[in-house]
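Please examine the sequence and the structure before reading on.

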Amino acid sequence: MTSLPAKQNKKLGLVIDLDICVGCHACAVNCKEWNTSGHSSPLHDIDPYGDDPTGVWFNRIHTFEVESEINGSKTVHFPKSCLHCSDAPCVTVCPTGASYKREEDGIVLVNPETCIGCKLCSWSCPYGAREYDEEAGIMKKCTLCVDKIYNENIPESDRVPACVSTCPAGARSFGDLGDENSDIFKLVEERNGYDLMPEQDCLPTNKYLPPREKNNQFKNDALNSITNDNDFSFDTWKEIVEDASK
Amino acid sequence: MIMIFLLILGKKLLKMHPSKSIIFFTVMSGTGYGIIICLSFLALIAEINFNYGFKLSLILISFLFITLGLLSSTLHLGHPERAWRSFSQWRSSWLSREGLAAVLTYIPLMLFYLLWFLEMDIFKYFLYSASILSVITIYCTGQMYASLKTVPAWNNVYVTPIYLINGLSIGSLSIYCLTRFYESEIQHLYQFTLLSLALCLMLKIIYWFHIRTKSTSSINTAIGLGKDNKVSSFEGPHTGRNFLTTEMINKIKKEKANFLRLCFIILSCILPIYMIVQEATLIIDAFILKLSFFITLVFALIGMLIERYLFFIQAKHVVSLYYGENKV
Amino acid sequence: MNPFKNQKEIVKTSPRVSDEIKQTTCYMCACRCGIDVHMLDNQIRYIEGNKNHPTNKGVLCAKGSAGIMQQNSPAKLSKPLLRIGERGKGEFKEIEWDEAMQIATTWLSDIRNTDPKKLAFFTGRDQSQSLTGWWANQFGTCNFAAHGGFCSVNMAAAGLYTIGGSFWEFGEVDWDHTKYFILFGCAEDHDSNPIKMGLGKLKSKVDSKFVSVNPVKTGYSAIADEWIGIRPGTDGLFVHSLIYELLKSNKVDWKYLSKYTNANWLVYNNPGNKKHGLFARDENNLPVVYCKNTKIVSSDIENTNSAFFGKYKYNNVEVIPSFEFLSKEYLHPKYKPDNISKLIDIDAKVIKKIAAEIAETAFEKEIEIKVDWEDHNGKKHSSFKGRPVSMHAMRGISAHSNGFNTCKLIHILQTLIGSIDVPGGFRYKAPYPKHVVPGPKPAGKIVKPNTPIGGMPLGFPTSPEDLLTDEDEKPLRIDKAYSWENPLSAHGLMHMVINNAWKGDPYKIDVLFMYMANMAWNSSMNTEETIKKLTDKDEETGEYKIPKIIYSDAYYSETVPYADLVLPDTTYLERWDCISLLDRPISSADSAADAIRQPIIEPTRDVKPFQDVLIDLGARLGLPSFVNEDMSPKYPNGYSDYIVNHERQPGIGPLAGWRGNGNQFGKGEVNKNQLEEYIQNGCFHNHEFNDNQKYYKFTNKHYLNFAHEMGWINKKEPIVIQMYSEEMQKFKLAGEGYGDKIPPDHLKDRIAKYFNPVPTWYQPFEEKINKEKGKSFDLYAVTQRPPHMYHSWGSQNAWLRQITNLNYLYISEYIAQENNLKNLDWVWLESFSSKIKVQCRVMKGVNKNTVWTWNAIGKRKGAWNLSPGAPESNKGFLLNHLISDVLPNEGNRNSQLSNSDPITGQAAWYDLKVKIYKCKDEEIDGKIYPNFDTIKNKSRKNMYISDYGKQFTKEFKDNNLTLNQEYIGNSKNIK
Ligand SMILES: Nc1nc2c(c(=O)[nH]1)N[C@H]1C(S)=C(S)[C@@H](COP(=O)(O)OP(=O)(O)OC[C@H]3O[C@@H](n4cnc5c(=O)[nH]c(N)nc54)[C@H](O)[C@@H]3O)O[C@H]1N2
Ligand SMILES: Nc1nc2c(c(=O)[nH]1)N[C@H]1C(S)=C(S)[C@@H](COP(=O)(O)OP(=O)(O)OC[C@H]3O[C@@H](n4cnc5c(=O)[nH]c(N)nc54)[C@H](O)[C@@H]3O)O[C@H]1N2
Ligand code: SF4
Ligand code: SF4
Ligand code: SF4
Ligand code: SF4
Ligand code: SF4
Ligand SMILES: [Mo]
C-alpha cells in the first residue's frame with residue numbers, strides 16, 4: 001500500500017547552500033542529461049525547436065530578490081528539486097501505489113509501469129517537484145539519481161547524484177540526513193539549515209543553508225591619512241613616506 | 001445573444017487549463033449521482049412510480065451523466081488502460097476510494113434501473129444502496145480536494161459539502177425539469193429542489209467569503225529567508241512555460257472571476273428558483289413551458305461548469321509562490 | 001493481475017552506463033574543461049566532468065552538460081554550400097567537397113599570385129590560432145586576426161604592457177590562499193568553471209571577503225559579501241580613489257616596488273625634448289636608479305635603498321624616479337573619495353572602507369608559505385610571503401573605450417600593495433609571465449605575391465616604428481590594426497573588417513574568409529548596417545562591394561546565408577583539436593598544461609573539420625609550410641598529422657607533452673605516439689611546477705630558467721613590472737610631434753591624450769561626444785552573459801533554450817519611477833545611432849542609471865533551425881542594434897573612427913548610452929523592433945518531440961543493491 005514506510009533507517013537527501021549558489025543552472029541541465037537516459041527515461045521535450053518549447057526537468061533554478069530593512073536587497077539563486085519528504089503527501093494521495101517512498105533510503109520514486117498519470121500527486125506536492133511527462137503520460141520526478149548513487153558500474157567516487165557532482169561552486173551536498181553522525185547532518189546543524197514551508201508538514205529531507213552573514217572582520221572603516229587631509233601637500237607627504245619606504 | 005455569448009465563453013473555457021475533463025467529470029457525474037440521491041429521498045417519502053417514458057429518461061440521463069463523467073475522467077489519465085490499478089490504494093488515497101466507490105455504485109445502480117423498470121418493489125433497496133454509494137463517491141471526490149493542504153482554497157470544511165449539495169441541487173433540478181417535461185408531479189420535489197438550490201447558493205457564498213482569508217504559506221516560508229523580508233521573483237527557471245505553470249498556476253483577473261461567480265449564481269441558482277417559483281405566472285403554453293425548463297436545466301448545468309471552473313482556476317496552489325506570487 | 005495488490009517496483013540501481021568512456025575536451029565554451037563521454041551502444045549516454053582534469057576537476061557547467069543536445073542539433077550543416085541566389089537569401093546549392101575546395105583554391109590563388117592582402121582571413125572563436133595565424137603568414141596576407149579585438153584585448157594588452165601577464169584566461173586568483181577578492185565587471189569569463197569553484201571555496205572560508213564591482217547584482221555578484229553597484233565606465237575613477245587613499249596613508253609595499261617594479265627607475269624630466277619621460281639608460285642600455293650611497297647605478301644591480309622620489313641629474317639632464325611622477329599624478333585631490341563619489345554612484349564612505357580593508361588584509365594578514373626558493377640573483381629565501389588581496393577583471397572593464405587604461409590602473413593598484421604572483425594574490429598562468437613588452441612585433445609590413453609575411457600577423461608594438469602604416473602614415477591592414485587609430489591592437493579589429501572592406505578603406509579586398517564568427521549578428525556592432533554592407537553592390541559594376549565571402553560554420557547561424565561558399569565544419573565531438581601552449585593553453589598557476597580533442601563520434605553528414613580543410617587548402621595553394629619540396633601535401637592526414645609533426649621551432653610543436661621518446665616535456669623531437677599518449681591521459685598534459693617555482697615567477701630563478709628552457713621567454717632575466725610605461729610615453733611623444741614617426745595631424749591629439757606612461761581615467765567616448773553635442777542619453781546600457789548560454793550557439797540547444805528563449809530589458813526602480821514604467825511594459829530604447837523596441841522588467845539589484853539584458857539571446861527568424869515564430873526572434877533582442885561601429889563624427893575631417901579603445905582598438909560595447917521611453921499603445925504589437933525578415937533555410941526540419949534517452953530505457957529492469965556515500969560540497973570548510 002502507498003502508505004509511508006513505518007520507520008526510516010536512512011534519509012538520503014541533498015543540502016543546498018544558498019550562500020554559494022551562483023545560479024548557473026549546471027545542476028539542472030546535468031540532472032536532465034543523466035536522467036533522460038536513466039530510471040525515468042526519456043525526459044521528453046515538446047516542440048524543442050518551435051514557438052513554445054517545454055520539457056521535463058527534475059531540478060530548476062529560481063532567482064529572487066530579497067529585501068531586508070537592514071541589509072538592503074540581495075539576489076538569491078534558489079535551486080529546487082524533490083525534497084524527498086518524510087511525510088510525503090505525494091505518496092499517500094497516489095491511487096495506484098506508483099508513487100512510493102523507499103524504505104531502505106527514503107527516496108521517493110514513481111513506478112513508470114504502474115502510474116496512471118492522474119496528476120493528483122503533483123497537486124499534493126507543495127514544492128512543485130513532480131513533473132508530468134505529457135508524452136509518456138506518466139508522472140516523473142527527481143530520483144535522487146537512484147541509478148547512479150548505487151551503481152556498481154561506475155567508480156565509487158562517482159556514486160553521487162548528478163547535480164551534486166557537477167555543481168561548479170560546490171553548493172550541493174548529498175548524504176544521509178537521518179544519521180546524526182554524518183558530516184551532512186553536522187553541516188546542517190552548524191549552518192542552521194532549514195526546511196521549506198514547514199507549515200505544510202511534509203517534513204522535507206532536503207535542507208537549505210541560508211546565506212552567511214559575515215560580521216565585520218575589519219578594524220577600521222577608513223585609513224588614517226599620514227598627512228593633514230585638508231591642505232594636503234605632496235612635499236610633506238613625500239617626506240614622511242620617504243622615511244617609511246627605507 | 002446569450003447563446004452566442006455562452007458559446008464563446010464555452011470555447012474559451014475549453015481552451016483553458018485546468019483540465020476540462022475534470023470539470024466536465026465532476027459536474028456530469030455529480031448531476032447523475034445527484035439524481036439518484038434525490039430519487040432515493042423521494043422514494044423514502046413518496047411513491048416514485050412514474051410512466052415509462054419518464055422513468056426511462058431518468059434512467060438514461062443519470063446513467064449517461066455518471067458514465068460520461070467517469071469515462072471522461074478516465075480518458076484524461078495519461079494511461080487510461082491502467083485505470084484499474086487505482087483500486088489498490090483505497091487505504092490511503094481518496095482518489096482510489098473514489099474510483100472504487102464509483103465502480104461499486106454501478107452494481108446496485110444497474111440492479112435498481114432494471115428492477116425499477118420492471119416495477120419490482122425491491123428496487124428501493126438497490127436505490128438506497130446506490131444512493132449511499134453515490135454519496136460516498138461524491139464525498140471521496142470532495143475529500144480528495146479538501147485534503148490537499150497545498151491549495152488553501154480547497155483545504156477546508158466547505159468543499160466536500162459543496163460537492164454534495166451541488167450534485168443534489170442540480171440532480172433534483174434535473175428531475176424537476178423532467179417532471180415539467182412529462183407533465184407529472186412528484187410530491188415534495190418542489191420543496192426539495194428549492195431547498196437544495198437555496199442551500200447550494202448559501203454554501204457557495206459562505207465559501208467565497210471563507211477563501212478570502214489567506215493561508216499560512218507565503219513567499220517567505222517558501223524560500224525561507226527571513227519572515228519580514230520583502231521577496232520578489234527576479235527570474236523563473238524558464239522564460240517559457242513548464243508543467244507547473246501550465247497545470248497549476250492559472251491566473252484569472254478578479255473582475256472576470258466576479259463576473260463568472262455572478263453567472264453561476266444566476267444560471268444555477270436564481271434562474272432555476274425563479275422558474276420553479278414563478279412557473280404558474282410565467283407560462284401559458286405547454287410547449288414553451290417544456291422548452292423553458294429544458295433551457296433552465298442547460299443553463300444550470302453551464303452555471304455548474306462555470307462554478308467548477310472557478311473552483312479550479314481560483315484555487316491558488318502554494319507552488320505559485322515560487323513563480324511570482326507573494327501569498328496564496 | 002490483482003487490482004488490489006500493490007505492484008512494487010524493482011529498481012535497477014546498477015544499469016549499464018557505458019561500454020566505453022571516451023575522454024576529450026569540452027567546447028561548449030572557451031573554458032575547455034575535460035570531459036568524460038559515456039558511450040553506450042555507440043551513442044552518447046552521459047557527459048560529465050573529468051575528475052583529473054586540471055581545469056574543471058570533475059565539475060561541468062550547464063552548457064557542457066548540454067553537449068548531447070549540441071550534437072543532436074538539427075541546425076548542423078551537412079554539406080558544402082554554394083550560393084545560387086542573392087546574398088542573404090539563403091539560396092544555396094549543395095556541392096561536393098572537391099568542387100568546394102577547387103572554388104576556394106581558385107579564388108585564393110588568384111589573390112596570392114597578385115596581391116595577397118586582398119584576402120582578409122578572420123577567425124572568430126578560434127582555438128587554433130597558432131595554425132590559422134601561421135597559415136595567414138604563409139599565404140602572405142597581413143589581414144588576419146581572431147576575435148580578440150572585439151572581445152577583451154584591453155585586458156590582454158594592459159596586462160602584457162604592465163605586468164607581463166594578464167587577467168582574462170591568462171592569470172588566476174590564488175583561490176586557496178586569498179582572503180580578500182575584488183572582482184571587477186565579470187559575469188562569466190573564459191575561466192568559467194575555475195572561477196565558480198574558486199568562489200565556492202573562497203566564500204566557504206570564514207575570514208574571507210568577496211567584493212564584486214559591477215553595475216548589476218546577479219550571478220557571481222549575487223553571492224558577493226559586498227556589492228559595489230558602480231556606474232558603468234567609471235571603474236578607473238574608483239580605482240584611482242582607492243589608490244589615492246592607499247598612497248596617502250602610506251599603505252604601499254615599498255620593498256616589492258623597489259625589487260620587482262620600475263618604480264625607482266629614473267626618467268628624463270625635460271619637457272620639449274624627444275627623450276622626455278623616457279628612461280635614463282646607461283651605456284649598456286640598462287635603466288638606472290638613484291641610490292644614496294652609490295648614486296646612480298644600473299637598475300639590475302642588487303640595491304637596497306634606491307630612491308622613489310627626488311630630482312637628480314644624469315648626463316646633465318634632470319631625472320626623477322618614475323614613482324615621483326606616478327604618485328604626484330595619483331595624489332591629485334580630484335581623486336579624493338568625496339570628489340569621486342558622485343561620478344561613480346558609490347558612497348565616499350564605501351570607497352574609504354574598501355581601501356581600508358584592502359590595506360588591512362594586505363599588510364596585517366600577511367601569509368607565508370614555507371618553501372625554500374631562490375630569486376634571480378641567487379638569493380635564497382625560506383618562504384613565499386604573500387599579501388592575500390586578489391583581483392580579477394573582465395569585460396566590464398575591457399569593453400569600454402577607456403578599458404586599457406582602467407585595466408592598467410587595476411594592475412597599478414595590485415602592484416602597489418605587492419599582490420602580484422604572491423600567495424593569496426593574483427597569479428600568472430604559464431606560459432606567463434613574459435618580459436614586458438613580450439614577444440614579436442606584428443608582421444606584415446611588406447606584402448608580396450606568393451611570399452609569406454615572415455612572421456605572425458599579430459604581435460606587440462613597442463614604439464611607433466613597429467606600426468603597420470605606410471609612408472603617409474595610413475593603415476596597411478584592412479582592419480586598421482596597428483595604425484595610428486589604434487596602435488596597440490594586439491588582437492586586430494575583427495569588428496571593423498566588414499565596414500572597412502565595404503568602404504574600401506584603406507583599400508578594397510577580394511575575398512573575406514571567416515571562420516566561426518557570427519558576424520552578421522551578435523558579434524557585430526550595428527548589426528542592421530553590417531548586414532546591408534554584406535549585400536551592398538557597387539552601382540557601376542553590379543558586383544558585391546565585398547566580392548567573395550567564404551565562411552566556415554558548423555551550424556546554420558545568421559551568417560551562413562551571407563556566404564558565397566560555406567564550408568561545413570564538424571562539431572567539437574567529431575574532430576581533432578589542439579589547445580596549445582603556443583596559443584591559449586589551459587594552464588593554471590601551478591602547472592603548464594595543454595590538451596587535445598579527439599573525435600569520439602563519426603559525423604553522419606558530409607562535413608569536414610575546418611583545420612583539415614585549411615591544411616588541405618594550404619597544400620593546394622602550395623603554401624611553403626604546407627607542402628614538401630615536391631609540392632606534395634606535408635600533412636596529408638590533416639590536423640592530427642599537423643599537431644604531431646609540425647614544429648614551430650626545433651623541438652617545439654603544438655603539443656608540449658610526451659615529446660621525443662615520450663617523456664620529454666616542452667621541447668623534444670616529434671613523437672609519433674603523442675596523440676595516443678594524450679588520449680591515454682584523458683586528452684590533456686599537465687606539467688606541475690615544483691613548489692619552489694610557483695610564486696614570484698617574475699624573479700624566481702628556477703621558474704625563469706625553466707620558462708626559458710621551454711621557450712616561453714627568450715631570456716632568463718627577471719621580469720620587471722612596468723608601473724611606468726615607456727612604450728606609452730614613446731607614443732605620447734610622437735603624438736606631441738617628437739620622433740621620426742609621427743601620427744597624421746588629425747590623430748595627433750588623440751595619441752598625445754590617451755597614451756600616458758601612467759594610466760589614468762577618462763570619460764568613455766560615446767558619453768563624451770554625446771555631451772559635447774548636447775544630446776542627452778543619460779542611461780548606461782550593458783549586457784551580461786547568461787551562465788548557461790554561449791553567445792549565439794545556445795539557442796539551437798533543445799535544453800538550454802528552455803531555460804532562456806527570450807530576454808527582457810532590466811531597469812532599475814529609479815528608472816522605472818522616472819519614466820513611469822512597470823514590469824512587462826514595452827519601451828523604446830534609443831541611442832545616438834538607432835532605436836529598439838523591447839519589453840522591460842524592474843529590478844532592485846542594479847545601478848540606478850543602468851539598464852541591461854542577457855547577451856545574444858535574440859535570434860534572427862529562421863536561423864539555427866528555429867521556427868520563425870520562436871520567442872528568440874519575436875521577443876528576444878540584441879543590444880547590438882544600438883551600438884554603433886563608428887563614433888559619432890567629432891567634426892574633424894576623416895574622423896569616422898571606430899567605436900573602440902584608442903589604444904588597442906578593443907570594441908567599446910559597453911560605452912553605449914541610451915534613453916528610454918514607453919511605447920505608445922498603438923506601437924505595441926507584442927513583438928520587438930527591429931524585426932528582420934525570415935532567412936531561408938531549406939534544410940530546416942520540424943521536430944515536435946525530442947525523446948533523447950529513449951534508446952537507453954531498456955537498461956532498467958533488474959534488482960537491488962545497497963551502498964552509498966556522502967558528498968559535501970564547498971560548505972565543508974566552515975569556521
Ligand atoms: N551586445 C554585445 N555584443 C557582443 C558582446 C557583448 O557582451 N554584448 N560580446 C562580444 C564578444 S566578447 C564576443 S567574443 C563576440 C562573440 O561572438 P561570435 O564570435 O560571433 O560568437 P558566437 O555567437 O559564439 O558565434 C560563433 C559562430 O561559430 C559557430 N560555431 C560554433 N561551433 C563551431 C564549430 O565547431 N566550428 C565552426 N566552424 N563554427 C562553429 C557558431 O555557429 C557561430 O555562428 O560577441 C561580441 N558581441
Ligand atoms: N556562459 C558563457 N560564458 C562565456 C561566454 C558566453 O557567451 N557564455 N563568453 C565568453 C567570452 S567570449 C568572453 S569575452 C567572456 C566574458 O566574460 P565576462 O567579462 O564575464 O563578460 P560579460 O558577461 O560581458 O560580463 C561583463 C560584466 O561586466 C559588467 N559591467 C558592464 N559594464 C561595467 C563597468 O563599466 N564596470 C564594471 N565594474 N562592470 C561592468 C556587467 O554587468 C557584467 O556583469 O565570457 C566567456 N564565457
Ligand atoms: S550547479 Fe550549483 S551553483 Fe549552479 S545553480 Fe546548481 S546549485 Fe547553484
Ligand atoms: S517534495 Fe514533493 S514530490 Fe518530493 S517527496 Fe515532498 S511532496 Fe513528494
Ligand atoms: S500521477 Fe501517477 S504517481 Fe501521481 S498520483 Fe497519479 S498514479 Fe500516482
Ligand atoms: S538528485 Fe539526481 S534526479 Fe534529483 S535533482 Fe539531482 S540530479 Fe536530478
Ligand atoms: S565551462 Fe562549461 S561549456 Fe565551458 S568548457 Fe567547461 S564545461 Fe564546457
Ligand atoms: Mo569574448
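**Questions on a predicted model**

Q: Is C:F325 buried, partly exposed or exposed?
A: This structure is a predicted model. The relative accessibility of C:F325 is 31%. Buried requires under 20% and exposed over 50%, so C:F325 counts as partly exposed.

Q: How many aromatic pairs does the structure hold over all chains, and what is the geometry of the pair of C:F325 and C:Y724?
A: Over all chains, the structure holds 94 aromatic pairs. In the pair formed by C:F325 and C:Y724, the centres are 5.6 Å apart and the planes stand at 80°. Planes over 60 degrees apart meet the cut-off, so the geometry of this pair is edge-to-face.

Q: How many residues apart are C:F325 and C:Y724?
A: C:F325 belongs to helix α11 of chain C, whereas C:Y724 lies in the loop between α21 and α22 of chain C. The pair thus links distant parts of the chain, and its separation is 399 residues.

Q: Is C:Y724 buried or exposed?
A: The relative accessibility of C:Y724 is 1%. The limit for a buried residue is under 20%, so C:Y724 counts as buried.

Q: Which helix of chain C holds C:F731, the partner of C:W484 in an aromatic pair?
A: C:W484 and C:F731 form an edge-to-face pair, 6.1 Å centre to centre with 70° between the planes. C:W484 is in the loop between β20 and α16 of chain C, 247 residues apart from C:F731. The helix that holds C:F731 is α22.

Q: Which helices of chain C each supply at least two residues of the shell around ligand 7?
A: The residues around ligand 7 include C:K63, C:G64, C:S192 and C:N193. Residues 62–65 form one of the helices concerned and residues 192–203 the other. The helices are α1 and α7.

Q: How many residues of the shell around ligand 7 are nonpolar?
A: The shell divides into three classes, with three polar residues and two charged residues. The nonpolar residues number seven.

Q: What is the mean pLDDT of chain C?
A: In chain C, 97% of the residues reach 70 or more. Residues 959–964 of chain C, however, have a pLDDT below 50. Where pLDDT is low, the predicted coordinates should not be read in detail. The mean pLDDT of chain C is 94.

How values were computed:
Residues are numbered from 1 along each chain as its sequence is written. Chains are lettered from A and ligands numbered from 1 in the order in which they are written. This is a predicted model: local features need pLDDT of at least 70, side-chain atom pairs count only at pLDDT 80 or more; totals for chains, interfaces and linings use all residues. Side-chain values use heavy atoms; hydrogens and water are left out. A residue is near a molecule or strand if one of its heavy atoms lies within 4 Å of it. Helices (H or I, at least four residues) and strands (E, at least two) are DSSP runs, numbered from the N terminus. Ala, Val, Leu, Ile, Met, Phe, Trp, Tyr, Cys and Pro count as nonpolar, Asp, Glu, Lys and Arg as charged, and the others, Gly among them, as polar. pLDDT is the predictor's confidence in each residue, from 0 to 100. Contact means heavy atoms within 4.5 Å. Rings of Phe, Tyr and Trp (its six-membered ring) pair if their centres lie within 6.5 Å; planes under 30 degrees apart count as stacked, over 60 as edge-to-face and the rest as tilted. Buried means under 20% relative accessible area, exposed over 50%, partly exposed in between (1.4 Å probe, protein chains only).
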